[in-house]
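This report covers a sheet and a chain contact. The sequence and the structure come first.

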Amino acid sequence: MAGNQLKLYEERKERYIAAMELKKPDKVPIRLQLSEFTAKYAGYSYQEIYYEKEKNIDSVNKLLEGFDLDTITGAPSLWWAGLHDATGARYLKYPGRELDPDTQFQYHEEEYMKPEDYDVFIENPTEWILNNFLPRLHTEFSTPGSYRANVSLIKGAFGFATQLGRNQKAWETWAKEYGAVPTFTAFSKAPFDTLADTLRGLTGIMMDLYERPEKVRAALDVIIPHNIYYGMATSAGEMEFPLFMPLHRGAYPFLNPKQWHEFYWPSLKKVIEALWENGKRTMFYAEGNWTPYLESIAELPSKSIVFHVDQTDMAQAKKILGGKFCLSGNVPNTMLSFGKPDEVRDYVKGLIDEYAGDGGFIIDAAAVIQGDAKEENIRALIEAAREYGVY
Amino acid sequence: MTTDDLSKAIVELERDKVMALIKERLEAGDKPLSIISKLQEGMTEVGKLFESGNYFISELINSGAIMKEAMVELEPRLTGSKQEFRGNIVIATVKGDIHDLGKNIVVMLLKGTGYNVIDLGVDVSPEKVIEVVKEHKAPLLGLSVLLTSCLESMQQTVGEVKNAGVDTKVMIGGPIINDKALEYCGADFGSTSGSSAVKFAEEVFGAKK
């Protein structure tokens with residue numbers, strides 16, 4: 001690392017970690033998930049950044065040249081479209097294939113797991129996933145053991161390894177040449193979300209809660225250790241930065257309070273506590289509104305999460321969780337897309353004045369930032385955070 | 001609060017009881033239409049409970065599924081008798097967006113309160129929307145969007161509907177809809193809440209009487 005960039009990396013990392021440890025850093029850290037905005041800013045179409053890894057990585061280089069960010073989330077797309085084409089993924093739709101070239105990718109939810117699959121799933125989840133689930137999800141893998149299925153397995157595995165390798169190399173460049181710090185270094189999910197988002201789909205899980213609650217409970221029990229393991233495996237020994245956990249169906253008003261307390265929370269709590277016992281902090285990315293559940297979330301061990309505020313009431317979050325967990329958020333994404341720089345500045349100033357005073361605060365947008373956010377609004381957010389966010 | 005046993009059973013999400021009562025009433029010679037109207041009464045109550053924060057999406061989806069199952073039983077018996085709807089409403093998620101949770105909630109609430117809802121699904125082109133609104137002479141069109149990046153598509157769709165001179169009110173919905181978004185899109189009404197779609201429909205169809 002060049003001297004200056006190394007110094008910058010250390011400064012930013014120290015700032016970020018101090019906030020998560022509830023301390024007062026030199027400045028309020030800026031952590032933005034710029035996602036598809038990165039493509040727009042760099043002048044690439046969505047099709048280009050999803051399919052062409054060079055452009056995907058280059059868009060982040062351009063972003064880092066243009067903005068002063070304390071931490072970044074890396075490549076502006078979780079998925080490499082070519083890899084999904086190789087296996088014929090049914091659950092993702094890509095620009096240039098199913099969608100217009102400049103539309104962002106979308107997830108196609110279905111009841112991929114059926115009610116009658118519960119028993120086999122609970123008996124041996126991995127075996128069921130390989131024998132039943134993956135063939136349903138991928139056209140190229142629809143007949144396991146066939147020539148096409150074997151080729152798609154090889155291509156898929158090789159593609160995935162290639163993607164990870166290239167991302168890893170890109171991260172080395174971002175850190176060394178731009179002093180860029182990662183927002184997170186691992187991934188996991190709430191067990192209920194694994195079941196609800198990925199396997200049963202929203203309608204499926206909602207019916208299950210009424211018609212086969214005992215199966216839901218048993219399935220959650222087998223997912224808990226899997227999600228703990230997955231979090232630790234993706235950490236690969238890195239323990240300074242948090243694990244990213246985007247949380248979905250626990251938001252108000254999906255489940256009624258009884259269901260939330262019986263199904264969503266106990267299984268999620270076990271995962272977070274186990275990760276923390278193993279030294280890994282969770283970035284509790286609470287998408288939507290979690291205000292009614294703040295008291296329960298406060299039961300988690302101090303500092304074991306960073307609580308991210310999207311539409312949760314920030315004042316309530318501060319009152320109930322402040323001093324126990326670092327808070328992050330919540331410049332509205334609609335403001336970044338449709339508002340004016342002055343509004344963004346005022347909002348950022350307000351957040352810092354009211355919630356950042358005693359440390360333990362990270363400035364961020366409410367949700368992942370898409371391609372329609374205006375550049376001048378992102379600049380206003382960063383400038384205001386730097387102007388008012390000095391301790 | 002509804003007093004009919006069947007209406008109450010659907011509010012309480014008692015699926016077996018709902019199905020048993022339907023069977024019982026059909027055998028007793030009740031008209032399928034009067035049974036449906038009792039189910040709709042229950043669904044209206046479910047909508048109110050959702051609006052007041054006592055019911056959640058979990059109850060909405062479940063009551064919708066029970067209603068669907070009940071209709072499988074009742075619909076084939078409707079031949080001859082014409083179900084009276086309060087009016088036609090066309091609903092779609094705009095082109096470029098494939099999200100349908102919010103749209104489906106609105107569809108459920110509107111159907112529950114007695115409208116004939118023509119649901120075009122997701123990723124629907126402005127041309128298709130205009131064609132179907134004209135075909136059904138729908139006084140109300142509902143457009144849904146989740147992604148901020150698809151708001152432009154919403155604006156285009158509303159614009160094309162207005163330019164086409166179709167006589168319909170346009171309401172837009174989605175978590176990103178606020179005054180600014182409404183103004184940008186040029187729609188007649190916009191909201192983030194499903195139940196306010198029902199209120200707007202009351203205004204539109206009330207005014208037509």
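This is a predicted model: local features need pLDDT of at least 70, side-chain atom pairs count only at pLDDT 80 or more; totals for chains, interfaces and linings use all residues.

## Strand 4 and strand 5 of chain B

B:Ile172 has B:Gly190, in strand 5 of chain B, as its bridge partner. Strand 4 of chain B covers residues 169-173, and its pairing with strand 5 of chain B is parallel, over three bridges.

## The sheet of chain B

Strands of a sheet pair through backbone hydrogen bonds, in either the parallel or the antiparallel sense. In chain B, five strands make up an open sheet with parallel pairing, and their order is 2-1-3-4-5. Strand 2 (116-119) and strand 5 (189-191) of chain B are the edge strands, each pairing on one side only. From one strand to the next, the twist averages 20°.

## A helix across the sheet

## Contact between chain B and chain A

Which elements of chain B give two or more residues to the side that touches chain A? In total, 19 residues of chain B are in contact with 24 residues of chain A. The elements of chain B that give two or more residues to this side are helix 4 (57-74) and helix 8 (179-185). Helix 4 of chain B gives the most, with six residues.

By class, the side of chain B that touches chain A consists of eleven nonpolar, six polar and two charged residues.

Terms used. Residues are numbered from 1 along each chain as its sequence is written. Chains are lettered from A and ligands numbered from 1 in the order in which they are written. Two residues are in contact if their C-beta atoms, placed from the backbone, lie within 7 Å. Helices (H or I, at least four residues) and strands (E, at least two) are DSSP runs, numbered from the N terminus. Ala, Val, Leu, Ile, Met, Phe, Trp, Tyr, Cys and Pro count as nonpolar, Asp, Glu, Lys and Arg as charged, and the others, Gly among them, as polar. Two strands pair if DSSP finds at least two bridges between them. Axes are lines fitted to C-alpha atoms, for helices over the stretch in contact, and angles run from 0 to 180 degrees between N-to-C directions.
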